[in-house]
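Trainee: I have a new model open on my screen and would like to talk it through. Could you walk me through it, one question at a time?

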Amino acid sequence: MYSADGIGLAAPQVAAGKQLIVVDIDPEESANPPMILINPQIRRHSSDLALGQEGCLSIPGVYLDVRRPELIEVAYKDEQGRPQAIVATDLLSRVIQHEMDHLTGVMFVDRVENGLLLNQALTKHGFSKGAVKPIAAA
Ligand SMILES: [Zn+2]
């Protein structure tokens with residue numbers, strides 16, 4: 001994740017069949033260790049949606065806008081198995097939702113609403129539009 005300048009990674013991206021994500025939105029700041037979320041569940045989310053650019057270590061070079069709930073409350077277990085919960089907004093909210101999507105096989109490109117830009121970006125970077133399975137915004 002760090003070697004590719006990523007700020008999040010989900011276990012399925014490295015062929016690990018676990019419900020686990022790692023998030024570190026400030027990798028330069030070693031005082032803030034990466035967050036490990038095991039079996040994360042979104043308990044609630046805001047009805048307010050925010051549009052923001054996303055990229056993915058699994059689809060290098062493609063950056064597109066995705067609409068997601070601005071705020072989420074997530075319950076999860078930490079690496080010691082202790083139940084935890086956080087309320088996340090802004091970038092942290094977006095990264096957690098992006099990584100949690102990976103746990104159910106959803107890629108951010110599946111959520112891109114602008115089909116024209118999606119097609120252009122995928123083609124430019126050698127990916128296939130046929131691999132995208134559109135999902136309605138949350
Ligand atoms: Zn990703």
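Mentor: Happy to! Let's begin with a definition: two strands pair if DSSP finds at least two bridges between them. Keep in mind that this is a predicted model.

Trainee: Then how many bridges join β6 and β7, and in which sense do they pair?

Mentor: β6 covers residues 71–77, and V74 stands opposite I86 in β7. The two strands run in the antiparallel sense, and the count of bridges between them is seven.

Trainee: Which strands stand at the edges of the sheet?

Mentor: The sheet is open and has five strands, in the order β1-β2-β3-β6-β7, with antiparallel pairing. Two of the strands have a single partner each, so one side of each is left without a neighbour in the sheet. Those edge strands are β1 (8–10) and β7 (83–89).

Trainee: What angle does helix α1 make with β1?

Mentor: Helix α1 spans residues 90–103 and packs on the sheet. It touches β1, β2 (20–23), β3 (35–45), β6 and β7. Its direction and that of β1 make an angle of about 20 degrees.

Trainee: Which residues touch the most other members of the largest nonpolar core?

Mentor: Nonpolar side chains tend to be buried together in soluble globular proteins. Here the largest nonpolar core has 15 residues, with β1, β2, β3, β6 and α1 each supplying at least two. The residues that touch the most other members are I21, V23, L37, V74 and I96.

Trainee: And which residues does the second core include?

Mentor: That core is separate and has nine residues. Among them are V66, F108, V112 and L118.

Trainee: Is K129 buried, exposed or partly exposed?

Mentor: K129 lies in the segment after α2 (115–124). Leaving aside neighbours within four places in sequence, K129 is in contact with N119 and L122. A residue needs 20 or more other C-beta atoms within 10 Å to be buried, and 12 or fewer make it exposed. K129 has 13, so it counts as partly exposed.

Trainee: How far apart in space are K129 and D110?

Mentor: In sequence they are 19 residues apart. From C-alpha to C-alpha, the separation in space is 9.9 Å.

Trainee: Last one: which element has the highest mean pLDDT?

Mentor: For the protein chain, the mean pLDDT is 91, and 98% of its residues reach 70 or more. Among its elements, β1 has the lowest mean, 91, while the highest, 98, belongs to β6.

How values were computed
Residues numbered from 1 in each chain as written. Predicted model: local features only at pLDDT ≥ 70, side-chain atom pairs only at ≥ 80, totals over all residues. Helix = DSSP H or I, 4+ residues; strand = E, 2+ residues; numbered from the N terminus. Contact = placed C-beta atoms within 7 Å. Axes fitted to C-alpha atoms, helices over the stretch in contact; angles between N-to-C directions. pLDDT = per-residue confidence, 0-100. Core = buried A, V, L, I, M, F, W, Y, C linked by C-beta atoms within 7 Å.
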